[in-house]
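Have the sequence and the 3D view open as you read on.

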Amino acid sequence: MIGRVVEVQTEGSYLCVERGFLKVSLRGEERGRVPLDDIAALILSAHGLSHSSNLFTALAERNCPVVFCGSHFRPVGLLWPVDSHHREARRMDAQLAAKRPLRKRLWRQVVRLKISMQASALEMVGGPAAALHRMADKVQLGDSGNVEGRAARIYWPALMGAAFRRSPHLDGANAQLNYGYAIVRAMVARHLMGAGLHPGLALHHANEGNPMRLVDDLMEPFRPFVDVLVHQMLGLGWVAVDALSKERLGLLPATSIPTSEGRSPLSLVCERWCQSLAAVYLGEARELCFPMPEPALLRAALATGTRRSGTSE
């Protein structure tokens with residue numbers, strides 16, 4: 001089951017477990033409930049929330065991440081289930097034993113995929129996609145030439161306009177990107193932990209204060225799915241992080257995209273992606289598994305969904 005992205009955004013809400021449901025109340029009055037087994041990720045964007053410890057225990061038992069958001073909808077914390085895979089110890093041993101050359105080779109593949117997906121995004125808006133395709137082919141081991149950074153300097157102005165500056169501390173489109181990335185980060189975290197891997201043992205990211213460095217590594221090729229949705233919403237005049245834009249971005253994990261194995265929801269693509277990393281660490285595979293980055297993948301992400309992704313309180 002894909003599950004639902006559930007957000008709580010009402011100040012002063014109280015969250016608890018009741019008969020297998022997440023129950024949200026405000027000043028003693030119930031505002032909504034969702035079956036725990038239906039939740040793929042819980043996003044807490046409101047301040048002044050209170051909760052029962054039993055709720056987080058129940059979500060952890062279901063391998064469900066809880067994302068805590070700060071200003072501008074930036075994720076500042078994530079609850080990590082510690083017992084997520086029956087062979088977790090063996091997989092973490094293999095992860096710890098991975099040598100630097102292997103990690104550099106895997107990071108090269110991640111960066112190539114990200115830049116190729118960015119090129120596909122630009123193809124959809126008539127931007128200079130050919131330049132990014134050429135740059136993807138030039139990524140070296142560990143991206144020693146920082147092709148990722150050079151590609152970003154072409155990508156963002158071409159996608160969002162010459163005046164756009166990507167910053168997690170700004171409002172408008174940047175806040176929408178933050179919110180979408182929070183959803184993708186939770187999706188990757190869930191499947192990475194489900195694969196029995198430690199989220200802090202990175203391929204590339206080296207921030208000592210970030211316990212989710214591997215999550216941030218593996219979410220890179222998924223970012224353009226958020227980018228093109230935000231681009232579309234801006235074209236429709238949606239400039240705020242409101243209920244409508246949150247609902248649209250919340251549909252991303254359930255978005256159906258074409259793959260070599262038929263159409264699959266993005267959440268399942270992410271699961272295969274994370275499982276393939278475990279297989280590489282165990283010596284059972286050589287490359288990470290990701291669909292070919294074609295514009296069709298991103299066009300699918302732009303399709304208008306009719307099913308609600310979750311509930312906002």
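Six aromatic pairs turn up here, where rings of Phe, Tyr and Trp (its six-membered ring) pair if their centres lie within 6.5 Å, with planes under 30 degrees apart called stacked, over 60 edge-to-face and the rest tilted. This is a predicted model, where local features need pLDDT of at least 70, side-chain atom pairs count only at pLDDT 80 or more, and totals for chains, interfaces and linings use all residues. Residues are numbered from 1 along each chain as its sequence is written, and side-chain values use heavy atoms, leaving out hydrogens and water.

Two of the pairs, including their geometry:

| Pair | Centre to centre | Angle between planes | Type |
|---|---|---|---|
| Phe56 and Phe68 | 6.1 Å | 90 degrees | edge-to-face |
| Trp156 and Phe164 | 5.5 Å | 35 degrees | tilted |

Phe56 sits in helix α1 and Phe68 in strand β7 (residues 66-69), so to speak twelve residues apart, linking distant parts of the chain; helices (H or I, at least four residues) and strands (E, at least two) are DSSP runs, numbered from the N terminus. Phe56 is buried at 13% relative accessible area, while Phe68 is partly exposed at 31%; buried means under 20%, exposed over 50%, partly exposed in between (1.4 Å probe, protein chains only).
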